[in-house]
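Open the model in your viewer and keep the selection tool at hand. The stops below say what to select and what is there.

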Amino acid sequence: MTTDAAVPDWEMRFRAPRVSLPDWAEDAPDRALFVSNATGTYELYAWDRSSGRQRQVTDRPNGTTDGVLTPDGEAVWWFSDTDGDEFGVWMRQPFGGGEDEPAAPGLAPSYPAGLAIGRDGSAVIGRSTDEDGTTVHLVPTPGGEPVEIYRHRESAGVGDLSHDGTLIALEHTEHGDAMHSALRVVRPDGSTVAELDDTEGGTKELGLAVLGFAPVAGDTRLLVGHQRRGRWEPMIWDPVAGTETVLPVDLPGDVGAEWYPDGSALLVEHSFEARSELWRYEPGAPAPVRVETPAGTVSGATARPDGTVEYLWSSAERPPVVRSTSGAVVLDPPGAKAPASVPVEDAWVEGPGGRIHALVQKPATGEGPFPTIFEIHGGPTWHDSDAFASGPAAWVDHGFAVVRVNYRGSTGYGRAWTDALKHRVGLIELEDIAAVREWAVTSGLADPERLVLAGGSWGGYLTLLGLGTQPDSWALGLAAVPVADYVTAYHDEMEALKAMDRTLLGGTPEEVPERFEASSPLTYVDAVRAPLYISAGVNDPRCPIRQVENYVDRLAARGAAHEVYRYDAGHGSLVVEERIKQVRLELEFALKHLGGGAVVGGPGPEAA
């Protein structure tokens, strides 16, 4: 129930203070860094755990979330872009406070491509630009002159730096498959120590990922993720000794891991069927041991030097909290707590590519069929989970059922499910969404006359594509920061996403024009009949504004029912009131066209 009669529950969920899982300095574990929305904008905060003192590090109109502590805990590095355009430079600020200064003044602005900071004050910085592709630079001393140690046109990134700073792990896609990285370990001078490539030169679709060097002096072991058994799981690779150690962590679903601080064990993160859990594994042991956590989703976890594990947990019903295996709440921000929502239910639907997993939330009162919103996740290599989300909860509060579909392309269901998106991009996902839509209607959950297709980023793209290719299936569409004109989006987007599009579609728009045309919402815009609401960030480097305007112009030319909201940010907003405004505008648009009353709480001054 609402604790403040003036503020509805759905708004309180956005406004309630939240914190991320605190990251701590490797050699000064009492110094930590976290993200919070305490001021109404998501910013970075430094936390001295020994004294309890917390301090806001960044304060920018559009927010800041990318930051790293130096190993000694003496400084915070944070990424400074312009109004959410993701193009900028790393800044450096003393942990206790002080002036910001460029961390690597010799490097021009770029898109970030990984960062690793050494104990000797050095740093390895990855950069991506349209002109140069990916470059990696060693900055030998704070503020020193950068030295380029890697360059390639295809996407790549900095994975990690060994404890003593003598080994650098890179992920790269020089073989041309942006979905499946290979690994290279180099010296600080750029010379190669070892390679690990499961793609066989791009002919085999198996990826690798850097999970981290052993946190022990003189230890050259590197924890990596691999897909050799049809899913993500960890193994230990020693690039100096040339050995690979397979780990007997036989859990269903995808498995990740990180080192305990003394290197004696691994903290295993296991994701399966939209839930996650934690395990501890000691190399050489026959099997891992369960680390007890509540049912739901662990969004991040870290092992502390005393052996306890801290983790960020939530469920669809219960708001996020940072817990410890000691039983304590680690970081509890002051202020009103977010109201709970309703639990999620699982639905399994047979589809053209196999069983599809969908997550369903229904209003606590009333009987179906309900007006139903299909809230489609972005990515596409991502998945919806049993985790707290203020957006879906707002729709439930207004009498809607919410269905979230983990379509082919989603993670957490094995490599074949994720890798299914080749060449018929968008159309494959919509086949799965259509199958779940049919189930929702025939089961009595959804009112077929009041079905909403909605989503952000890739979910926004699928919304526009679905309204054009399935015009009889949807009563309304809500697309946030979408791909709308695929060809123009390709030419305007950041270089790393160009590489992903070439992988998904098999080439550039000039090389495979028929595939871009078949997968572009602009191709089907004249078939759209449902009222459509579009929101877009004018500084978005991922789904740039020009291609959205091309689509909107086509809607306007034939007088199609639509509204467009443009806001001054990038690929989404880090400002709480802006997020509330966007959800309110979507609710108002839906209720206006579908019926069902007014938005709880009214428009508010920020929506004027």
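Select Tyr551: leaving aside residues up to four places away in sequence, Tyr551 touches Leu464, Ala484, Pro521, Leu522, Val525, Val528, Leu532 and Ile534. Touching, or contact, means heavy atoms within 4.5 Å. This is a predicted model, where local features need pLDDT of at least 70, side-chain atom pairs count only at pLDDT 80 or more, and totals for chains, interfaces and linings use all residues. Residues are numbered from 1 along each chain as its sequence is written, and side-chain values use heavy atoms, with hydrogens and water left out.

A nonpolar core is a set of buried Ala, Val, Leu, Ile, Met, Phe, Trp, Tyr and Cys residues joined through side-chain atoms within 4.5 Å; buried means under 20% relative accessible area (1.4 Å probe, protein chains only). Helices are DSSP runs of H or I, at least four residues, and strands are runs of E, at least two, numbered from the N terminus.

Next, select 495-505, helix α7, where eight of the 11 residues are buried. Among the elements covering those buried residues are β10 (123-129) and α5 (458-469). Just after α7, Gly506 takes a positive phi of about 85°.

Last, go to Ala265, in the loop between β21 (254-259) and β22 (266-272). Ala265 counts as buried because its relative accessibility is 0%. Its C-alpha atom is separated by 4.3 Å from that of Glu282, 17 residues apart along the chain.

Key:
Buried < 20%, exposed > 50% of the residue type's maximum accessible area, 1.4 Å probe, protein only.
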